Amino acid sequence: MIPYLFIGNGWEASLAIISDEPDFMPSLVITQSYPGNPVIKICQNHSIDLLVIKSIDDILTTSVINAIKERNIKIAFVASFKKIPAAFIELFKYGIYNIHPSYLPQYRGPAPVQWALINAEAITGVTLFKITGEIDKGPIFRQIYVPILEDDNYIALTQRLFNCGKHLIKELILSINTGVNINEILTPQPSLPHLKKAPKIPQEHYRISVRNMREKAYLFFRALFPEAYFEITSGETTLKIKIHDYSLDKIDGGIPAGTITTDGKNELRFCLTPFCLLIKKIQREGKKVMSVDEFLRGFRNMDKFHII
């Protein structure tokens with residue numbers, strides 16, 4: 001199999017690195033240096049050659065270029081990374097391809113998974129396209145539709161999308177190995193009259209407010225989980241709460257959104273529309289993540305609180 005380079009940062013990129021088949025593992029990975037970058041740990045755990053750079057400017061240093069040439073790498077794949085310089089793209093005979101977690105041209109931008117969930121889409125997809133000068137507009141190698149399930153959140157949907165992305169990498173590599181001229185099978189992105197965009201999520205949206213978001217509160221929660229948080233209040237007491245694990249209950253028609261219900265022992269529900277979140281793990285600001293029963297030992301009057 002032809003050797004390839006993988007470039008990416010963060011949890012999303014780490015999902016696309018490890019193949020089920022050793023022949024399809026990257027020969028080299030490039031990522032950026034920052035605390036907790038899971039790409040670094042993944043490569044160390046699987047003995048994958050790794051180059052850690054401080055900034056995108058370092059991608060054209062002599063050490064990086066030499067590492068690529070030494071491995072005879074002629075193609076690269078990217079996920080969750082900044083714009084690649086044109087001079088770097090020119091190093092690769094077959095080009096550089098981006099794994100984008102949407103069915104392009106819909107949801108171009110840095111937050112396609114989140115906006116598909118916020119907009120209550122029934123289906124999204126993943127696209128492998130060749131990088132050109134315009135962001136998210138290059139010709140497409142292949143796309144896969146991925147349904148959005150009723151109980152999906154950002155974590156669950158992203159995992160499925162990037163798992164599909166790994167299969168597209170394998171498919172492209174196999175195509176080149178069998179002599180296919182990739183440039184002849186690439187297709188331009190279609191021109192559609194109504195395009196939905198996927199800009200960066202404003203920080204204020206991470207506070208899930210029933211008052212401000214109304215019926216979209218659940219949609220924002222699932223899109224921004226696990227970073228989303230609630231502010232709940234009772235009298236003069238206001239708590240900032242993050243949910244770390246939960247399941248869904250259909251909301252009772254008589255329970256208004258924003259209601260908190262509990263048995264005071266081991267059940268705690270945050271009611272949104274159309275679901276109640278049956279909470280399993282919870283975190284109060286400044287405190288550790290804890291189980292619901294442990295949390296309720298300190299707050300047995302949770303039913304007096306409501307979501308702001």
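Tyr107 is buried, with a relative accessible area of 4%; buried means under 20% relative accessible area, exposed over 50%, and partly exposed in between, for a 1.4 Å probe and protein chains only. The residue belongs to the loop between E5 and H5, and its phi is positive, about 60 degrees, although it is not a glycine. Most residues other than glycine have a negative phi, and most peptide bonds are trans. Helices (H or I, at least four residues) and strands (E, at least two) are DSSP runs numbered from the N terminus.

The model is predicted: local features need pLDDT of at least 70, side-chain atom pairs count only at pLDDT 80 or more, and totals for chains, interfaces and linings use all residues. Residues are numbered from 1 along each chain as its sequence is written, and side-chain values use heavy atoms, with hydrogens and water left out.

Ala120, in the loop between H5 and E6, also has a positive phi, about 55 degrees, but is partly exposed, with a relative accessible area of 46%.

| Cis peptide bond | Omega |
|---|---|
| Leu104 to Pro105 | about 15 degrees |
| Thr273 to Pro274 | near 10 degrees |

Pro105 lies in the loop between E5 and H5, whereas Pro274 is in the loop between strand E11 (268-271) and strand E12 (275-284).

An open sheet of 7 strands has the order E3-E2-E1-E4-E5-E6-E7, with mixed pairing; two strands pair if DSSP finds at least two bridges between them. Because strand E3 (50-53) and strand E7 (140-147) each have a single partner strand, they stand at the edges, and one side of each lacks a neighbour in the sheet. Within the sheet, E5 and strand E6 (residues 123-130) run antiparallel and are joined by 4 bridges. Ile99 has Leu128 of E6 as its bridge partner.

The largest pocket has a volume of about 930 Å³. A pocket is an open set of points on a 1 Å grid over the protein atoms alone, where a 1.4 Å probe fits, with protein on both sides within 12 Å along at least five of seven lines; lining residues have an atom within 4 Å of a point. The volume is the space filled by probe spheres set on the points, which are joined across faces, edges and corners. Strand E4 (76-79), strand E5 (96-100), helix H5 (112-118) and helix H6 (154-177) each supply at least two lining residues.
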